[in-house]
Amino acid sequence: MTFQITLHVAVTILLNIAGCLCQSDVCGQAPSNTKIVGGADATEGSWPWQASIQTAGSHFCGGSLINKDWVLSAAHCFQSTTASNIKVYFGLQTLSGSNPNAISMTVTQIINHPGYTNSLKNNDIALLKLSSSVTFNVYIRPVCLAADGSTFGVGTKSWVTGWGLLKFEDTQLPNTLQEVQIPIVSNTDCNQAYQGSITSNMLCAAAGGKDSCQGDSGGPMVFQNATLWVQSGIVSFGHKCAVAGYPGVYARVSQYQSWISSYISSDQLGFVYVNSTGSSSSYTLLSSVSHTFFIISLIFSLYLFV
């Protein structure tokens, strides 16, 4: 226990020393990471970019922290609400009860993709600008984003997180953040299930009895590539939840690097190029990583003296 507390403090100090409001140096790292329909309770701190988007004190959609000032989510979540009605929670483990690591932020701006329509569900992506900057720590930090041209082959193991329903037409959201692992399926197979409505801006994933559901919308689908967690998708839509033959559909993040970057120029984003064949993968971090090795070496040095 003494070691854990000391390391936690050391990491927080080093993040501040290295100026780590720069998410390109810390994106996609989940120090506490050693499940949604068919899933399980997530361990606290396992998914430090996870956001709960709430109105009137109730969770209605998920999101992901992508830098100190911005959250990524789904456009369909914000068709009938305004920024002034929203609060975003980070470091949240349970929707009720004690959450000592949680913070809440208000939102000043919602930017829905101009190409989104409820009927087609294409371009289901949105950006939320926070009213003030988040300070990163072990429990709250940004996710890396799949860069333009990234590929996620059939069978690529991915994780989806959120507080969505545990089964279709449930009346009660789970209290604890859920996590589930599901593999990528081809857009061709997905398109057959959805009768031609799947576009290149979408990514599909499915596994027997496992799926995202209502309340998970806007939340992240992520892929672990070496030591980094990279967001490949945004929970968008499906046919009910975990219905055989109908994969869950996600907005394909890599298609929107230019669109996202056009609104976020003040703080570099952690875009990562991923080439996953489903069984193996490689990646390239498309942002400055010079401070990363400095931080790792300092943490390792502190570890030796703890």
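# Notebook: bridges and bonds

**Entry 1: a charged pair**

For me, buried means under 20% relative accessible area, exposed means over 50%, and partly exposed is in between, with a 1.4 Å probe and protein chains only. The side chains of Asp69 and Lys68 make a salt bridge, with N to O at 2.7 Å. A salt bridge here needs a side-chain nitrogen of Lys or Arg within 4 Å of a carboxyl oxygen of Asp or Glu. I searched the whole structure and found one salt bridge.

**Entry 2: ground rules**

I must keep in mind that this is a predicted model, in which local features need pLDDT of at least 70 and side-chain atom pairs count only at pLDDT 80 or more, while totals for chains, interfaces and linings use all residues. Residues are numbered from 1 along each chain as its sequence is written, and side-chain values use heavy atoms, leaving out hydrogens and water.

**Entry 3: how confident is the predictor?**

I looked up pLDDT, the predictor's confidence in each residue, from 0 to 100. The protein chain averages 83, and 80% of the residues score at least 70. Over residues 1-22 the pLDDT is below 50, and this stretch has 33 contacts in the model beyond near neighbours in sequence. A contact means heavy atoms within 4.5 Å. Residues 288-306 also stay under 50, with 19 contacts beyond four places in sequence. A reminder to myself: where pLDDT is low, the predicted coordinates should not be read in detail.

**Entry 4: disulfides**

A disulfide is a covalent bond between the sulfur atoms of two cysteines. My cut-off is a pair of cysteine sulfur atoms within 2.5 Å, and the count comes to four disulfides. With the bonded cysteines of the protein chain numbered in sequence order, the pairing reads 1-4, 2-3, 5-6, 7-8.

I took Cys61 and Cys77 to begin with: their sulfur atoms are 2.1 Å apart. The link of Cys61 and Cys77 is left-handed, with -90° about the S-S bond. Cys61 sits in strand β3 (residues 58-65) and Cys77 in the loop between β4 (70-73) and β5 (86-90), so this pair ties together parts 16 residues apart in sequence. Helices (H or I, at least four residues) and strands (E, at least two) are DSSP runs, numbered from the N terminus. Cys61 and Cys77 are both buried.

Next I checked Cys190 and Cys204, joined S to S at 2.1 Å. The torsion about their S-S bond is about -80°, so this disulfide is left-handed. The pair links distant parts of the chain, 14 residues apart: Cys190 is in helix α2 (residues 187-193) and Cys204 in strand β12 (residues 202-205). Both Cys190 and Cys204 are buried.

Then came Cys213 and Cys241, with sulfur atoms 2.0 Å apart. Which hand does the link of Cys213 and Cys241 have? With 85° about the S-S bond, the link of Cys213 and Cys241 is right-handed. Cys213 is in the loop between β12 and β13 (220-225), and Cys241 is in the loop between β14 (228-237) and β15 (248-252), 28 residues apart. Cys213 is buried because its relative accessible area is 5%, and Cys241 counts as buried at 10%.

**Entry 5: positive phi**

I noted Ala242, which has a positive phi of about 60° although it is not a glycine. Ala242 is in the loop between β14 and β15, and is partly exposed at 24% relative accessible area. Gln195, another residue other than glycine, has phi near 55°. Gln195 lies in the loop between α2 and β12, and with a relative accessible area of 77% it is exposed.
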